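The exercises below are to be worked with the sequence and the coordinates open. Try each task before reading its solution.

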Amino acid sequence: MRQNALRLMRAAGAVREAMASAGPKVAEAGLSTRAAIGSTRALASLSRSTKQAAPFSIALANAMQQASISSSAQARMALAEVPVDGDLQKVLAEIDAIVSAESCTAKEVADAAVALAYMQAKGDRRIWGKVFEKAGAVKGSFDAASLTAFMWAATTAGVSHFKTIAEMSGPAAALLGSMTPAQVSTVVEALGKAGCKDAELFGKVGAAVTAGASKYSGAELARTLWGFAAAGAADGAMAKAVSAALVAKAGELSGREAVQAVWALAKMRRTDKPALDALVKAAKAKLGSIESPIDVAALAWSLGFLSYKLDSSTASALSGTLAKGASELSPAHAIDAAWGLGVLGVNDAAATKALLDVAASAIAANPNAVHVYQAGALHNAAVMLGGKLPEQVSAFALKMYSLGGAAMAVKTSAAGTAFKADLAAATAYAFGARYRPEIAAAVKGFAVTTPEGISVCIALESGGAKVAVEAVHPCNTSATHPGVALGPAVARAKLLEAAGYKVVPVSMTEWAAQGDDKTKAAAVLKAAKAAGVNVSAAEAALAKPFDAYA
């Protein structure tokens, strides 16, 4: 029976060697996708029961070849025919014995992980635990191919072990010089998926990619950018180099890879228009081939977060695809998609109903089906799209929106709190208050709650219009274009506009450049005028000399 495991691991070893030369395109046809997972159904003959099964073949050859994982006939043959007799539990026991041996090498650990991934043995936590334990013990002896294969298998199989994956950062940093772009991108993607941010490794990778982005394929650039974004590793120079390179290579990308890159730019708050234009064009051309509606939902959320301006054709294609695939989305993904469409101004009745119905039915059955902030986003999405939620769900979503807003206010930094207080005082000055007691009284009266239940910190009336002056914090503005408001600020503005307010956004980044009280008041009036508020009387009053001792 030990021969069964050895055959599987030899097949895994062939894939590991193939990865060394070609690199796995996991995003397009690896085990994380339905195509490859479906191809492993041939393993069904290797039953978890004690019944003896007939010899079978691992039917991954076609998927792997399409993914360009294997570039050698030997590797393809190894994948095409791997006869194994017996039931799955016995094969797992054989692999268990191999990784438990003192003599187990790093290559055998990697091969075992790949074999387990192919067998979809995610539920076998005990054997995965042994694989991770052994990987940690032999981490210093991994070569580039084995390390890449191990990390790919562990994260692709959906089995995470933060400590071990994080410990692989050190060997990866040491092996970086011998890694191919495919291996670098795969390792970075795996670290990002695990949430591991190693300063040394990401620093070295960032420098290498910045200097040699032209050596990377479009898919490798997308994976690398995604890994940095998912890990929360900020590297502006690397992101700029990758964005520039993707402009020319976006056409190479699959639909999912294009979405991967757009999502990464959103997480990094980068509104690089040339890159986004190229990526959106690539994604639109392949919307129909994106196998998972979750990826389409991610595209809608990402573009909404970046406040990207969609043309009508792309908007129609995006909303139509979401309407068709909404039933396959989780409540959280449906909310993300609806919120994104709302920010983008894509009001498609079919998509709106389909997405809101998915979220509403789940929340009606279980109010804990989504996070507080997502429930709040559902309210925001319904308002932006003009969609209708069941009465109880609507009330719940509104309450969660208010609760989430209160929580965010508590979490605001000292600098953010000071900015909001300074903006309120400047607004009072701009609209007529001069002495400190007057300013304090005006500021105290600014805070209101709309009939819909939305809290507004700086609200007033001017020229017969209701005005909401909104403090826009840096996290809600573009990292590359500070004057550009991102999706959360736009969504908030649309919510207040629906409540009858003219919204005056004021960026904290730009506010820092203002001088004395009068200059700040003038800046508020300028922003209000740009928002369509009639401030003629306030401008005239501000222009008059003021003597505090008169």
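This is a predicted model: local features need pLDDT of at least 70, side-chain atom pairs count only at pLDDT 80 or more; totals for chains, interfaces and linings use all residues.

**Exercise 1. Cysteines**

Find how many disulfides the model has, and classify C196 and C457 as buried, partly exposed or exposed.

Solution. 

Step 1. A disulfide is a covalent bond between the sulfur atoms of two cysteines. The test used here asks for a pair of cysteine sulfur atoms within 2.5 Å.

Step 2. By this rule there are zero disulfides.

Step 3. C196 has a relative accessibility of 2%, so it is buried. C457 has a relative accessible area of 41%, so it is partly exposed.

**Exercise 2. Salt bridges**

Take the pairs R126 with D96, D277 with K273 and E470 with R492.

Solution. Side chains of opposite charge can pair when their charged atoms come close. The whole structure holds eleven salt bridges; three of them are worked here.

Step 1. In the salt bridge between R126 and D96, the closest N and O atoms are 2.6 Å apart. This pair links distant parts of the chain, with R126 in helix α8 (residues 125–137) and D96 in helix α6 (residues 88–100), 30 residues apart. R126 has a relative accessible area of 55% and is therefore exposed, whereas D96 has 9% and is therefore buried. Both belong to a network of salt bridges that also includes K130.

Step 2. D277 and K273 form a salt bridge whose closest N and O atoms are 2.8 Å apart. Both residues lie in helix α17 (residues 273–285), four residues apart, or about one turn of the helix. D277, at 27%, is partly exposed; K273, at 53%, is exposed.

Step 3. For E470 and R492, the closest N and O atoms are 2.9 Å apart. E470 and R492 are both buried.

**Exercise 3. The sheet around β4**

In what order do the three strands of the open sheet lie? State which strands are at the edges, how β4 and β5 run, and which helix lies across the sheet strands.

Solution. 

Step 1. The order is β3-β4-β5, with mixed pairing. The edge strands, each pairing on one side only, are β3 (459–462) and β5 (501–507). Ignoring direction, neighbouring strands of this sheet are turned against each other by 35 degrees on average.

Step 2. β4 and β5 run parallel and are joined by seven bridges. V469 has V504 in β5 as its bridge partner.

Step 3. Helix α24 (residues 414–430) lies across β3, β4 and β5, and runs at about 150 degrees to β4.

**Exercise 4. Nonpolar cores**

Which residues have the most contacts inside the largest nonpolar core? Identify the helix that gives this core its largest share, list the contacts of F150, and look for another core.

Solution. 

Step 1. F142 and F150 have the most contacts inside the largest nonpolar core, which has 129 residues. Its largest share, ten residues, comes from helix α7 (residues 106–118).

Step 2. Set aside the neighbours of F150 within four places in sequence; F150 is then in contact with V109, A110, A113, V131, F132, A135, F142, T164, I165 and M168.

Step 3. Another core lies apart from the largest one and has 28 residues, among them Y429, L525, A527 and V535.

Technical notes: Residues are numbered from 1 along each chain as its sequence is written. Side-chain values use heavy atoms; hydrogens and water are left out. Buried means under 20% relative accessible area, exposed over 50%, partly exposed in between (1.4 Å probe, protein chains only). A salt bridge is a side-chain nitrogen of Lys or Arg within 4 Å of a carboxyl oxygen of Asp or Glu. Helices (H or I, at least four residues) and strands (E, at least two) are DSSP runs, numbered from the N terminus. Two strands pair if DSSP finds at least two bridges between them. Axes are lines fitted to C-alpha atoms, for helices over the stretch in contact, and angles run from 0 to 180 degrees between N-to-C directions. Contact means heavy atoms within 4.5 Å. A nonpolar core is a set of buried Ala, Val, Leu, Ile, Met, Phe, Trp, Tyr and Cys residues joined through side-chain atoms within 4.5 Å.
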